[in-house]
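Please examine the sequence and the model below, and then read the points grouped by topic.

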Amino acid sequence: MDNLSLTVKDTASDGNHPAIQLRTLQANGTAKEWGWRHHYVGYGTSHTWNTYAYDTAGIKNATIEVGNFKGSSTTYLAICMAGSLNNPNW
């Protein structure tokens, strides 16, 4: 997956912060989480990570997960899937 852009925006002045992660499904059905990217700057700001994903086991499906995390910790308050896409070349 080339030219992958992951963007989050902090839309609430509540002391918590947003984070985003890529989750893929490998050819054998195993899910792979690519790690959370946290945005700590604060209310009204956003951040974009430009990246890519490569897996020798193949990428059958990709999903974006977005979370709301407590304060500056890695303890999540809520997580949701923001979208999923099957690999058209599979």
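In what follows, Lys and Arg count as positive and Asp and Glu as negative, while His and the chain ends are left out of the count. With that convention, the protein chain carries 6 positive and 6 negative side chains, and the centres of these two sets are 2 Å apart. The model is a predicted one. Its protein chain contains zero helices and seven strands.

**Overall form**

- Along the sequence, the order of elements in the protein chain reads β-β-β-β-β-β-β.
- The C-alpha trace of the protein chain extends over about 40 × 25 × 20 Å along its principal axes.
- Of the 90 residues in the protein chain, 31% are buried.
- When contacts between residues at least 6 apart in sequence are considered, 56% of them in the protein chain link residues at least 24 apart.

**Strand β2 and its partners**

- Strand β2 covers residues 17–25 and is mostly covered, with seven of its nine residues buried.
- Strand β6, residues 61–69, runs antiparallel to β2 and is joined to β2 by nine bridges.
- Strand β3, residues 31–33, is also antiparallel to β2, and three bridges connect the two. Within this pairing, L25 lies opposite A31 of β3.
- Strand β4, residues 37–38, pairs with β2 in an antiparallel manner through two bridges. Here A19 is found opposite H38 of β4.
- The hairpin formed by β2 and β3 has five residues between its strands, and G29 in this hairpin adopts a positive phi near 95°.

**Residue T24**

- T24 belongs to strand β2, and its bridge partner in β6 is A62.
- Is T24 buried or exposed? T24 counts as buried because its relative accessibility is 2%, and the cut-off for buried is under 20%.
- The side chains of T24 and W34 are joined by a polar contact of 2.9 Å.
- Beyond its neighbours within four places in sequence, T24 is in contact with T30, A31, K32, W34, I59, N61 and A62. This list includes W34, the partner in the polar contact, and A62, the bridge partner in β6.

How values were computed
Residues numbered from 1 in each chain as written. Predicted model: local features only at pLDDT ≥ 70, side-chain atom pairs only at ≥ 80, totals over all residues. Heavy atoms only, no water. Helix = DSSP H or I, 4+ residues; strand = E, 2+ residues; numbered from the N terminus. Buried < 20%, exposed > 50% of the residue type's maximum accessible area, 1.4 Å probe, protein only. Contact = heavy atoms within 4.5 Å. Charge placed at Lys NZ, Arg CZ, Asp CG, Glu CD. Pairing = 2+ DSSP bridges. Polar contact = N/O pair within 3.5 Å; in protein donor to acceptor, adjacent residues only side chain to side chain.
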